[in-house]
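Dear colleague,

I am passing on to you the structure that we spoke about, and I would ask you to open it before you read any further.

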Amino acid sequence: MKKKRFGLPQLGFGVGLRSVHYQHILSERPQVGWFEVLSDNYMHTRGRPLAFLDRIAEHYPVALHGVGLSIGSSDELDLGYLAELRALRDRVGAHWVSDHICWTGVNGRHGHDLYPVPFTEEALRHIARRVCQVQDYLEAPLVLENPSTYLEFKGSTLGEAEFIAALLEESDSGLLLDVNNVYVNAHNHGFDPLGYLRQLPLERVVQLHIAGHSQAQGYLADTHSAPVADGVWDLLAEAVRLGANAPLLLEWDAEIPEFAELERELDKAKSRWGAEPAELGS
Amino acid sequence: MRATRSSAPATTLHQLQSWLFQRVTEAAGPARSEGVATAADRDVELQEHVVSGNLAASARVEVYRHGYFARLVECLEDDYPALAHALGAARFEALCRDFIALYPPASASLNYYGAPLAQYCGRRPESWSAFAAELAQLEWAVVEVIHAEEGERLDSAALGQLSAEQWSALRLVPSPALRLLRHAYPAAEYYQAFKDGSAAALGVAASGGALELLTPRASAVAVCRRGEDVWRIRLTPALAELLGCLIASAPLLAALERWGSGATGVSAPDALVAPEELQRAFQDWVSCGLFSGIA
């Protein structure tokens, strides 16, 4: 990585684009810095979703965020998926493309979930090689998110943060630091979230995620269905203090409220720093 | 040199993923699992592979197993809300779970996952299966036109400038976002009632409205998208026959003559459509964007 954040722009405070808000966004043009677009929802369509996205992308910067790349799968990379992803990126002028450090299926079958990878040298080499392939194809850095997980494998020989740090270095890729996921995983797997942050190469953070989670039976569930928890706000402040200076995005995917509530949630972030995130952490 | 902290037996990435995926996607727990002899063996494998900590290893796998089915049921419910309403929550979920077991997702996209549901409903043995199949077919047509390319829109003014000779040979190009459905049951009527909030659920056995749904009554509907709007145009069987001929690229005049002669197979009373009604229907089809142009 030659330049900070790979030279990608500081887009400020954004929210995840959801179909229930299309009309509001187009008619009211709310004051948000950018939208994160769930790429998979727009890749296998030539119809209405894409028409809305085209119109929104005319007025706002966008970045693509996927769940279907399956970068950690032992199956072959899906080149058809990559071709659609690149075409969508080019069509809407997305500033970057992100997905998760996970696998979503194997043996030609798809689970449509973000399954955890074992933190082994084999998985590290395998995923790093695939990230390089994807980056060559996209001719751009791939931005990888630390996912929320509910199990760890006994066969892991590395810690999660150590694995992610090594993967980013070996593949020269960017990090989408999901602060809520760090919080959720720290609870579910019993690690120290601050220690985790300190192990990450935060200069590689291209984007930050915040979201709400919920308490399930014996674990925290990354549901994106509630306001951001206080503990996540505190952890975000630590991440920023440690150097994770990047565009911030609020995710809300279930029980989606009116757009005004998303703006109020973003205002909490703005009020904490009193500035656009270009100054965060300075 | 990185520290090694594992005491687990060596398992390749592919083996580990195959093992977890099988556990996550099995429908009803140990009884349906493949390749594992006993529950005790399964537990040994689980303990070999998954860290427990503050939550049992089995509970951790169960989070993903629950998520697999819940996500697919939610996807089907998004695509088939009227069918879900008609069947009621419990019956719809049972239908979905049977469907998921037979049709595991084979694509990275969920956009088209629910495509075979109408066909699957039609093969079910229950009394509601034929109606459910047609309702599902209609809801899938809505999904398809939402994702279809819109195509050009036929310019109605251009039609007015055609010579008599051009009219006789005129063929219309259907919009890529047009579907024509002919049903034995009043599926389109039910769908409209669902949209209006007045649809009865099939589970309400005492409801006359619900029972009527299971009585065959021929209906037809054209589904088309223009811009943000999805149009559903309910058609008489006679008009559906004519529209079908036009979609099949029959020349307009030939289609009208064939249709007027009853050669389309529509029974005589159905075929009797007043010229004004025909004209109005044709204007509606053009103004709703059912056609993209002239061939």
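Below is what was found in it, taken one part at a time.

This is a predicted model, in which local features need pLDDT of at least 70 and side-chain atom pairs count only at pLDDT 80 or more, while totals for chains, interfaces and linings use all residues. Residues are numbered from 1 along each chain as its sequence is written, and chains are lettered from A and ligands numbered from 1 in the order in which they are written.

In chain A, a closed barrel of 8 strands runs in the order 1-2-3-4-7-8-9-12, with parallel pairing (strands are DSSP runs of E of at least two residues, helices are runs of H or I of at least four, and both are numbered from the N terminus; two strands pair if DSSP finds at least two bridges between them). In general, strands of a sheet pair through backbone hydrogen bonds, either parallel or antiparallel. One of the pairs here is strand 9 (residues 205–211) and strand 12 (residues 248–251) of chain A, which run parallel and are joined by 4 bridges, and A:His209 stands opposite A:Leu249 in strand 12 of chain A.

Turning to chain B, its secondary structure comes to 15 helices and 5 strands, and 33% of its 295 residues count as buried (20 or more other C-beta atoms, placed from the backbone, within 10 Å of a residue's own; exposed means 12 or fewer, and partly exposed lies in between). In helix 5 (residues 89–102) of chain B, B:Phe92, B:Leu95, B:Cys96 and B:Ile100 are buried, and they cover an arc of only 135 degrees around the axis, which puts them on the same side of that helix (the arc is that of the directions from the helix axis to the C-beta atoms). The face turned away from this buried side carries the exposed residues B:Ala90, B:Ala94 and B:Leu102.

Where the chains meet, 48 residues of chain B are in contact with 40 residues of chain A (contact means that the C-beta atoms of two residues, placed from the backbone, lie within 7 Å). On the side of chain B that touches chain A, the largest share, 9 residues, comes from helix 1 of chain B. From chain A, A:Gly218, in the loop between strand 10 (214–216) and strand 11 (219–221), is in contact with B:Leu55 and B:Ala59, leaving aside its neighbours within four places in sequence.

With best wishes
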